[in-house]
Amino acid sequence: MAHNTFSSKRAPIFKDVPDEKWNDWRWQLSNRLNSIEDFDKVLKLTDSEREALSSKGLFRVDITPYFVSLIDPEDPNDPVRKQVIPTAGEINSFTGMMEDSLAEDRHSPVPGLVHRYPDRVLMLVTTQCGSYCRYCTRSRIVGDPNENFSRAEFELQLEYLRRTPQVRDVLLSGGDPLVLAPRILEYLLQRLREIPHIEIVRIGSRLPVFMPMRVTDELCDMLQKYHPLWMNIHVNHPNEITAELAEACDKLTRAGIPLGNQSVLLAGINDCVYTQRRLVHDLVRMRVRPYYLYQCDLVEGAGHFRTPVAKGIEIIEGLRGHTSGYSVPTFVVDAPGGGGKIPLGPNYLLSSSDHNVVLRNYEGFITTYEEPLSYKAHDPKTCKYCRNQTQEPGQKGVLGLLESDEMFIKPEGFDELHNRGGGVHRLRERNDKWKPLGIGSGEEE
Ligand SMILES: *Cc1c(COP(=O)(O)O)cnc(C)c1O
């Protein structure tokens, strides 16, 4: 691959493993490290890590030999290490922490499907992963082999999708869809492709990062039969970018799969403008487009990874304008309680008047943009796309306010709370007679 100057690593204990084994994803899966004894062979565990690894009820630990090799064994603060090796911080609960912080269970019409947005669904197809991220937003189900999805549940998911024509985008996630037996993954893609209203399918996978050897020619040949297919990978730090990952991304993009990256903003790992800049530059060199940078969820066990929201805004400040637009992800807070993703960033609009806006750029240069004095608004009546809108009631959101279909959006309980007068306006009571208040009515005092 051209311009591939990324390096390769293998921890000394694996140096005698034959290449055929090392490069076999099944070997990587069955030789994962998960115990104190395993880790003692590759690095020097800290007391905090030892304490976590010997505690009960810990979220599953499993790390591929490939991924563990990316850790600098001498560095207790290594950014790869902190993502996958638990510390005592994980077993302390924090106030505000929730098991299901995104209220996914509440949005689930059938097991494993999360239908939160009007036109797309999240389809959880497995609870298993290549390795387990300590800040996992779905740690309530992920990693537990007793919580896996059955064939019967896949059929329920598919049946829901067949009878829900507004779904045009299905996002396969989990767990990690690429750990599924290839036969099952292909079965699901086939069934999804048979549903005419499903326009695109996406796969969210960290396997290219945890074990790039999973991206075989057979996998790419299989996937490309089901286009349009998109994929998001999950890289958080430049140390995760290796020659092997670059090769895997090259194969996937050659198979016609556009690649995006979703990162999580993590304290002590990637909460740094310059680390993020290196990360996004390395990603675009592999033709991976930074997609989202997530604020860490309010999930149990992840409290010690959280940063202030302002850190994410600062990172976007340090990217937008400073580097290629392709390299700038959208910073999002996935709203607790199931509100979905909310994008945040610096404010570039400083002020406005009736025909002028005051803007600033990344350098702090302040400018104005004079708006047209005469603008003939788009006419929905002559636009076929406007006329063909069909939407579930209540789904227009804030756009409905702009299009003046609605004048307000009220929080739950608003009407009851603001109906203390019983529905009749009686700001003043004079004897038993109610009179409307009006200018010049002579009632003002
Ligand atoms: C993130 C997410 C999606 C996809 O959102 P996009 O912004 O389209 O990437 C869909 N459903 C759920 C429940 C999600 O959390």
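A pocket is an open set of points on a 1 Å grid over the protein atoms alone, with protein on both sides within 12 Å along at least five of seven lines; its lining residues have an atom within 4 Å of a point. A molecule sits in a pocket if more than half of its atoms lie within 2 Å of its grid points.

This is a predicted model, in which local features need pLDDT of at least 70, side-chain atom pairs count only at pLDDT 80 or more, and totals for linings use all residues. Residues are numbered from 1 along each chain, and side-chain values use heavy atoms, without hydrogens and water.

The ligand takes up the space of the largest pocket. Around the ligand (a heavy atom within 4 Å) are residues including Val 114, Leu 171 and Lys 341. This shell holds 6 nonpolar, no polar and 4 charged residues. Tyr counts as nonpolar here, and Arg and Lys as charged.

| Side chain | Distance to a ligand oxygen |
|---|---|
| Arg 202 | 2.8 Å |
| Tyr 291 | 2.6 Å |
| Tyr 292 | 2.5 Å |

The protein covers 89% of the 380 Å² of accessible area that the ligand has on its own (Shrake-Rupley method, 1.4 Å probe).

The largest pocket has a volume of about 1,100 Å³, the space filled by probe spheres set on the points. Its lining counts 48 residues. Strand 7 (288–295) supplies at least two residues of the ligand shell. Strand 7 also gives the most to the pocket lining, with 4 residues. Strands are DSSP runs (E, at least two residues).

Key:
A polar contact is a pair of N or O atoms within 3.5 Å; within protein, one must be able to donate a hydrogen and the other to accept it, and residues adjacent in sequence count only if both atoms are side-chain atoms. On a 1 Å grid over the protein atoms alone, a cavity is a set of points where a 1.4 Å probe fits but cannot get out, and a pocket is an open set with protein on both sides within 12 Å along at least five of seven lines; lining residues have an atom within 4 Å of a point.
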